[in-house]
Amino acid sequence: MQNLKEILYMRNKLLENSPLIHSITNPISINQCANVIISLGAKPIMAEHPLEVSNITKKSDALAINLGNITDARIKSIEISSKTAYENNIPFIIDLVGIGISDLRLKLSKNIINNYTPNVTKGNRSEIKSFLDLTSNPKGVDVGEKDKINLNNLDNSVKIAKNLSNKTNSIVLITGKYDIISNSDKTYIVKNGSEKLSNITGSGCILTNIVSCFLSVSKNIESVLLSTLIINIAAELSQNAKGPGSFLVEFLDNIYNISNEDILKYSNFLIY
């Protein structure tokens, strides 16, 4: 718990800095992502035109890339912004949405990760396995039933995360019932969360953007841990919502209202 107290300073630092976050995300969740960035005390800009993204990324404090609902223009923008972030030491996260079902997205993700080394690589277990050319069973952009993280495959899932981290020199975040956060030195397992997150669209996109906010403060693995705790505890605090509509509203409100005391009280994670 002392370790968690030490990383909560990032919340105050984020508020002090009010960083600019460049988010190239899909239109399905773009509004929710922008609102969450604002809720955390940062400033969003959701630019995706290929002729402006380099200039905007250069002036940003972090970059969030999401491969959902991909288009020709967004492919160009992702490539340009990733290169710009890499060359200017701007931290960024890539979310491997749908690479298990789309060869186009898989090829794009490998190009970005192999050439521009994102600070964080994120995906569900189907997506992470697909990136590593392991047999996977995706269900669209969702994790397939056979790939879901459980107690029986937790050891293997951690090995997969560490393997990808070593290959890409990035922090790896595998989302699921248990969220796995790993780099070459340590691994965190976050047990917080709510099944109701699967009843709304964009929860994974929201997490990607939360991570980008805290990457602007710290590039360490603890920034990813804090991001994951915030979204999952906010979901738990929204458990009594009657349906997906009211859950989404309460969930977004709880991301805004969550206190350091809430995080200390409800966090459930371990160092693996």
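**Figure 1. Asn-124 and the backbone of Ser-126.** A polar atom of the Asn-124 side chain lies 3.1 Å from the backbone nitrogen of Ser-126, a polar contact (a pair of N or O atoms within 3.5 Å; within protein, one must be able to donate a hydrogen and the other to accept it, and residues adjacent in sequence count only if both atoms are side-chain atoms). The model is predicted: local features need pLDDT of at least 70, side-chain atom pairs count only at pLDDT 80 or more, and totals for chains, interfaces and linings use all residues. Residues are numbered from 1 along each chain as its sequence is written, and side-chain values use heavy atoms, with hydrogens and water left out. Asn-124 belongs to strand 5 (residues 120–124); helices (H or I, at least four residues) and strands (E, at least two) are DSSP runs numbered from the N terminus. Asn-124 counts as buried because its relative accessibility is 9%; the classes are buried under 20% relative accessible area, exposed over 50% and partly exposed in between (1.4 Å probe, protein chains only). Apart from neighbours within four places in sequence, Asn-124 is in contact with Val-141, Asp-142, Val-143, Ile-174 and Thr-175, where contact means heavy atoms within 4.5 Å.

**Figure 2. Ser-136 in the loop between helix 7 and helix 8 (154–168).** The side chains of Ser-136 and Ser-130 make a polar contact at 2.7 Å. Not counting residues up to four places away in sequence, Ser-136 touches Ser-126, Lys-129, Ser-130 and Asp-147.

Figure 3. At least two lining residues come from each of strand 5, helix 7 (125–131), helix 9 (203–215) and helix 10 (221–236). Helix 9 gives the most, with 4 residues.

Figure 4. From first to last C-alpha, the 13 residues of helix 9 reach 18 Å, close to the 18 Å expected at 1.5 Å a residue; the expected span is 1.5 Å times one less than the number of residues. Helix 9 is mostly covered, with 12 of its 13 residues buried, among them Ser-203, Cys-205, Leu-207 and Phe-214. Ser-227 is found in helix 10 and is buried, with a relative accessible area of 0%. Leaving out residues up to four places away in sequence, Ser-227 touches Leu-207, Ile-210, Val-211 and Phe-214. The C-alpha atoms of Ser-227 and Phe-247 are 19 Å apart, and the two residues are 20 apart in sequence.

**Figure 5. Cys-33 and Cys-205.** A search of the whole structure finds 0 disulfides. Cys-33 is in no disulfide, the nearest cysteine sulfur being that of Cys-205 at 5.1 Å. This separation is too far for a bond, since a disulfide requires a pair of cysteine sulfur atoms within 2.5 Å. Both residues are buried: Cys-33 has a relative accessible area of 0%, and Cys-205 has a relative accessibility of 10%.

**Figure 6. Helix 5 and its packing.** Helix 5 (residues 72–87) has 16 residues that should span 22 Å at 1.5 Å a residue, and its end C-alpha atoms are 23 Å apart, which agrees. Buried residues of helix 5 include Arg-74, Ile-75, Ile-78 and Ala-85. The buried residues of this helix pack against strand 1 (20–24), helix 4 (53–58), strand 3 (62–66), strand 4 (92–95) and helix 6 (103–116).

**Figure 7. Residues with positive phi.** Most residues other than glycine have a negative phi. Asn-89, which follows helix 5, has a positive phi near 55°. Asn-69, in the loop between strand 3 and helix 5, has a positive phi near 50° and is partly exposed, with a relative accessible area of 37%. Ser-18 has a positive phi near 45°; its place is in the loop between helix 2 (9–17) and strand 1. Ser-18 is partly exposed, with a relative accessible area of 29%.
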